[in-house]
Amino acid sequence: MTALVRYLCTTLLLSQRYLAPVLLFTGLVAVLTSSDSGPLTATYGAAAGAMLVCSTWLTIALVGLEDQVHRSVVVVNVGDSRRVLLGTVCTAVLGCLVLTVLGLGIPFLVGSHRPTGAALVVGVEAQLTCALTGIAVGLLCSRLVFRRQGYALLLAVVLLPALMVAKGVPPVNPLLSRLATTSRAADLLAPAGALLVVAAGVLAAGAALTQAIAGRRS
């Protein structure tokens, strides 16, 4: 698995397809938190929203690195298409961890905040929750499920706003609502942690559905 993740990371870096989502994430966080001096919880809510969009884009780009022939070669070498999908998920998570570091730090560069341990932990929980959810959406909108990327783009355009604004639908909407209305970071540690677990379940379900669809098509 380590060799597979290393291969996928190298391929992604050489393709430079990571640049667009990374630049978008950096730009969104910088713009949304520029000159901000409010609670860090609301600030990290903006970073989490940006993470949802950019993790979806990064995952779609990662899955689309290789055509069907090259992917078949990778599957033969690895021995199981499920391991390839798991390696793809792990690579996407690693990329999102890098974005999380940026999301934690940029608000201090462009705004005025006093960091606390609780706020930083909440920031990590919030961004990872949206990252795992975005990876799940990215898998379902990838070439593994849709051969015509126009349909995949349409699904992503529908799903991402729905996840953010659909009232009470976990994990993204309750998370963003709590971050926007609760200024004391310590009060958010447990709820954000619970929503992170929910997001992990969403990713597992999304990966299983993607594998089932891709397996029937292959």
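By a nonpolar core I mean a set of buried Ala, Val, Leu, Ile, Met, Phe, Trp, Tyr and Cys residues joined through side-chain atoms within 4.5 Å. Keep in mind that this is a predicted model.

The largest nonpolar core here has 50 residues. Those with the most contacts inside it are F25, M51, C130, L139, L175 and L203. Seven helices come up next: α2, α3, α5, α6, α7, α8 and α9 each supply at least two residues of this core. The largest share, 11 residues, is from α3, which runs over 40-63.

Now to α6, residues 117-140. Of its 24 residues, 18 are buried, so the helix is mostly covered.

C130 deserves a slide of its own. Setting aside neighbours within four places in sequence, C130 touches A48, M51, L52, S55, V172 and L175. C130 counts as buried because its relative accessibility is 0%. C9, by contrast, is at 25% and therefore counts as partly exposed.

That leaves the sulfurs. How many disulfides does the structure hold? The count is 0. A disulfide needs two cysteine sulfur atoms within 2.5 Å. For C130, the closest cysteine sulfur is in C96, 10 Å away, so it is too far for a bond. For C9, the closest is in C90, at 9.6 Å, which is also too far.

That is what I have; I will take questions.

Methods. Residues are numbered from 1 along each chain as its sequence is written. This is a predicted model: local features need pLDDT of at least 70, side-chain atom pairs count only at pLDDT 80 or more; totals for chains, interfaces and linings use all residues. Side-chain values use heavy atoms; hydrogens and water are left out. Buried means under 20% relative accessible area, exposed over 50%, partly exposed in between (1.4 Å probe, protein chains only). Helices (H or I, at least four residues) and strands (E, at least two) are DSSP runs, numbered from the N terminus. Contact means heavy atoms within 4.5 Å.
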